[in-house]
Amino acid sequence: MSAAQPISPASPAVDTGTPAPSPLSLPIEAPAAAPDLRPVVLDVRNLVTYFYTYDGVVRALEGVSFKLRRGETLGLVGETGCGKSVTMFSVTRLIPDPPGRVVSGKVLFRGADLLWGLGHEARFIPVKGTNRVKVKRSFRRVKAAQARVGSVRGAGIAMIFQEPTQAMNPIFAIHDQLGEVLLEHRGEEVIDGLMASTPDLPAVRAAAEALERSVKVSDEAMRAAAKAVGEAAHLTSFGTQAFYMARQARTSGQGNLATEVSRAASRMRISGAQASFLRGERELRKIAREMRSVYISEMRRGEFERVNRGRLGARRLRLRLRRIPYRLPGIKRRVSRPLREETFWRAVQALEGVQIANPVQVARGFPHELSGGMLQRVMISMALACDPEILMADEPTTALDVTIQAQILELMNELRRRIGTAILLITHDLAVIAEVADRVAVMYAGQIVEMASVHDLFTRPLHPYTQGLLASIPRVDQPSKKLESIPGSVPNLIFPPSGCRYHPRCPHAMPVCKEQRPPMTVEGTGHNVACFLYNGAPVVE
Amino acid sequence: MAARYAQYKRTWYFLRRNTLAMVGLAIIILFAAAFVYGLTYPASSSTPVQYCASNGPVPVSPDNPCYDAPYIVCTYPSGTVSPGPGCYQTPPDNPNFIAPTFTLAHGLGAFPFGSLVYPSADLSTSDPLFYNTYTMLEKGTVNSVGLSVLIVATGAGVGLLLGALSGYFGGWIDEIVMRITDIFLSIPAILLVIAVIIVGKSSGLRSFDETLVLIGIAFVVVWWPFYARIVRSQSLVVREQRYVEAAKASGASNGRIIVKHVVPNSVYPVFVQMSLDVGTIPLLLAAITFIGFVLFPYPLIPEWGSVAAAGASILTAVFTECGVKGAVCAVPWWQVAFPGLAIFFFSLSVNFLADGLRDALDPRLRR
Amino acid sequence: MQMWVYVVRRAALVIPVVIGVMTVLFVLISALPTVERTCSFYHPSGRTSPCTTQIPCSTDPSKLCPNPVYQSAVNALGLNKPIFVQWAIYIGNALTFQWGYVAQGSALGTGETGSGLPSLAGQSVATVLSEFLPYTIELALLALLIILVVSIPLGNLSAVYRNRPIDQASRVMSFSGYALPAFLLGSLILAGVTFALGGPAAPSKICGGTSTVFLDFYGSWPTPPCTPLYGTANIGPVGYPAWLSIGYISTPTGFPTVDSAIHGQYWLALDTLLRLVLPALVIAYTTIAGLLRFVRNSMLEVMNQDFIRTARAKGLPEQTVIKKHAGRNSLNVTITVLGLTFAGFITGFPVVEIVFNLWGVGRIYAYSVVGGVNDWDFGVLFGTTLLFTYLVVAANIIVDIMYAYLDPRVRLG
């Protein structure tokens, strides 16, 4: 969702609930048989992540590979503890470094390997006589690696998490936290837009009067008139502000809307000090952007760019020193006011985009004042505010009620259609997958066991685990005597089973399953499975 | 049972990896050995030993009265507790000089011990016993460490009881106990302790034993609120747990739940706090003596803080009057230094151990 | 809710605590023998006559009865009435700052305190304390400033760079400060300075000579000639007795530094301030020791929270994540713990004031308990205790208000 123009809120502000989807009762269309030619945005190869704990080495991910293509929704399914969330965090290195560690693997994004440099950062020393392994990390290198990967977070790869009530900082208002993301990644555009705004007062006055007249007409007219006001002021966020002022005027019945709007416009004038503050901010953001591109080129080329880093660092330091006077308490408030207001209204626009009914109130509020569903919408708007190429969602609806769940999923779908973001959706709920995903990867005990399109997976599950999962879904239309389940329990990842990790619970286990890990083989168009029951051609990386 | 043992083993593993905590543990074991030894160690003989920091002329400025004395000696007129600075004559040879088992003196060569002329409080005989510094340290270990441990244990016990009750039952019991802890936490510790002791002494409790009991009561009164607070917050958490609900559903009485569930779960932070506090008691006693409040009447007993502070209280005045070298002459610096060091190392090692324990027991540190 | 509503509610909560503290003190006071309770507390003559003298009874001249002075004191305190009335009278007196008089027999009363303090016998305790309080407050403010400036950044850094050199260094500082008795530290500093200077300096004068602050450590400067305004008193070599200002220099605010500046005596103001630096450092060191671990642990706890992960996932630079998101949140716990350490903070004052020869409330308190049974000054003792309690309570209220300002969740009530 671009912050430059507001998404036209054609849909009404009231959310109509959609009924909860029940598994397999909705028809899933079979996709076209042609192979997928969309470009790959994320290529994960052989991701291995271990956690080094007191009790031993938890082998959480053992060679996970998948590709994500532009615009597709890939679902990652599995039981609790199978490593789905760990996969997502490993891609962007959000694993808490002691005790976890991405041991090896490649994650290609925009031509850069996000995991470059893994081998140099840590050494592993097994402790004799125990299951423990001591990890010696190079603090400096790990920190540098975090900064590198940080350059793609937010605007390249965005993430939303499971518990929305815990995911936001409780002491900062919503608009503050939303604005942070906007400024960090789109700061230059925001400031350019702000500096280009000229409150052309007569034009604004005329548009404001039109707005006042439209208040009595209808919502759509109000919106159109507010948009016109924004155009008159050369600042679209001012249009948003005008719209909400109009709404306020309608509910409170005041008559001097035009004067208010004009007055607000006249306050928009940017003084000299404010302008120089803004120029400095813009320069800082520019340097940040250049640093991000340096990091990306480091990851692309596979070497450390000391010269460029140093140059940019020095520039930034000089700039910061020059700007120290702007940090004094009295001056800071006054000088940053235009930027803060602009950020506030852009945040309101972002909240409109996720269909929040009263965005001004929400933006001013704090996280503890909102419900889980609202917070998750806010998180989505934060994630999508900068048009990321990939959105990774870790069980986004698990903590929410079923009706809200449907709304959130519908929202994600719509936004994906509008912007074209690829989504990696992690969940344990097969119904959600059926509703939203294009392709599915099934994970068990840290490995992907089957990967197929949604239709293929549900109609022709190949791997015994997938079959077991699908069989265990209770079906309303076929009352049976008892609930099916998969015998046994999830393996201990410190001592995982040898060979295929599913073999202890598999009804079709063969001797070879205990000895070797089955390779991923192709069993139909776009349908891969890792099982010795099938012997198709191995998947080519 | 096995799970609890495994948890102890795990805690011990983390503690072992923490060098500071191990150093602290080693020193505490030394102190514990001194404690046991000190219980049986007799005070030295009945003749006061009078020595000073060095034998021979000490280079002080000519206007210092100690300048020309052949032996720099410091003795204290009998009947005083903190003597004024001055120089006196005394014969140098005395058979009751250094306790031969104290190897520190030997190792440091010409670093002899002075003596203290604080008669002991051995009221069973009419013959007062005197201490030299080594004996004082031995006996002082018993008194200081013993007092600290007793006070902390009692305070923790009272706090545990009240905190568990208040947190578990909630309601008006909780409100009352919380208000009471608020009250006691608002009064600064040292002031309340002194107030209680003063009131006790004015009402006639002047003898040695009674003074000790007064000190104990005063400290317990001051300390239990900390523990009560800790235990209360823990019991608030435990109260909401499912296993408590299950226990209630299966008919366990409230008392049983408190004893079996609430108390064991709050023991860890209480334990950490206890180990921290054990190191603080001698410091507070020292502060009380330093500001001039005479804790133990004449006869005095060896207790690190009181002895060190009694000497230190004239130290500052003497420094400014005589300068450092004059002070070495006129003030029993060893009386300040050695007990002060003992307090320092005791408190330090206890703190090391407590900090290591806290880190080892902390579930948030993601092991 | 609004901030001011929260402030009012918080202040109202304090009243039962204050009444409770007074009740505790009342219990202690009632345990004192009757003579102490009446004469020592509420009569200017204290334990000496005329309050304690007994005269032949009017009914039976062969026996001795308390004299009318004593009787009036008893009536004023309600000692012949039920205990509840006594309690009420005590509460009333305590709230209206009628805390008794400085006893004649005590160290303060006789003037035997060294360092030139005149006899304060017969003066109202509250008045005496109010004259010496500003000095302690100045010391406390300076120490508090040092504490905040050092402990918060150091604690945060120790958490972020866990187990690296800065964490080890802060651990050393924390342990040594905790284990070192305040008097030892102060004495060591004093000894060190004396040793460095090679001996004590000439006595410092407030006028008509040179003023040497802290044994010439900072330097010395000439003082203006003595006028009747200053009197001819000398300052001791280390401290500056606040009593000099009683009756000598008019004190509009009561704070020595401020008053000197108001009078245009800037050298005197600087003098006073410099004398506070070392004592403030000693107090700060011992308090930081306890606080540092808490700051570090709270920062560690905050950094494990979910919203830090979200902030990183948003692509914010690490410095912003630490300073803005983690730092502000850990400030909450820090402020709370700071409030809890106030009571311990107070413990350091008597010791430090004695070591550095300053004249504040802590010193007065020390002199009320010095000496033997007959030298104790109960009025000053219990008065100072109450005063310090007021200070702790006020500090806690301020801390709670700051907490509410920092954390909007608290304001919901």
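Colleague: Which residues of α8(A) are buried?

Modeller: Buried means under 20% relative accessible area, exposed over 50% and partly exposed in between (1.4 Å probe, protein chains only). In α8(A), the buried residues are A:Ser237, A:Phe238, A:Gly239, A:Thr240, A:Gln241, A:Ala242, A:Phe243, A:Tyr244, A:Ala246 and A:Ala249. This is a predicted model, in which local features need pLDDT of at least 70 and side-chain atom pairs count only at pLDDT 80 or more, whereas totals for chains, interfaces and linings use all residues. Residues are numbered from 1 along each chain as its sequence is written, chains are lettered from A and ligands numbered from 1 in the order in which they are written, and side-chain values use heavy atoms, without hydrogens and water.

Colleague: What covers the buried residues of α8(A)?

Modeller: The cover includes α6 (201-214), α7 (219-233), α9 (257-266), α13 (337-353) and α14 (359-364) of chain A. Contact here means heavy atoms within 4.5 Å.

Colleague: How many residues has helix α8 of chain A, and what span does it reach?

Modeller: Helices (H or I, at least four residues) and strands (E, at least two) are DSSP runs, numbered from the N terminus. The expected span of a helix is 1.5 Å times one less than its number of residues. Helix α8 (residues 236-252) has 17 residues and reaches 25 Å between its first and last C-alpha, close to the 24 Å expected. A:Gly253, with a positive phi near 70 degrees, follows α8(A).

Colleague: What area is buried between chain C and chain B?

Modeller: Buried area is the accessible area (1.4 Å probe) that two parts lose on being put together, summed over both. For chain C and chain B it is about 4900 Å², with 75% from carbon and sulfur atoms. In chain C, C:Phe175, C:Tyr178 and C:Phe183 lose the most area to chain B, together 13% of what that side buries. The contact joins 55 residues of chain C and 57 residues of chain B.

Colleague: Which residue forms a salt bridge with B:Asp355?

Modeller: A salt bridge is a side-chain nitrogen of Lys or Arg within 4 Å of a carboxyl oxygen of Asp or Glu. C:Arg293 is the partner, its closest N and O atoms with B:Asp355 being 3.3 Å apart. The count between chain C and chain B is one salt bridge.

Colleague: How many salt bridges are counted between chain A and chain B?

Modeller: The count there is zero. Chain A and chain B bury about 530 Å² between them, 58% of it on carbon and sulfur atoms. On the chain A side, A:Tyr54, A:Pro99 and A:Arg132 lose the most area to chain B, together 72% of what that side buries.
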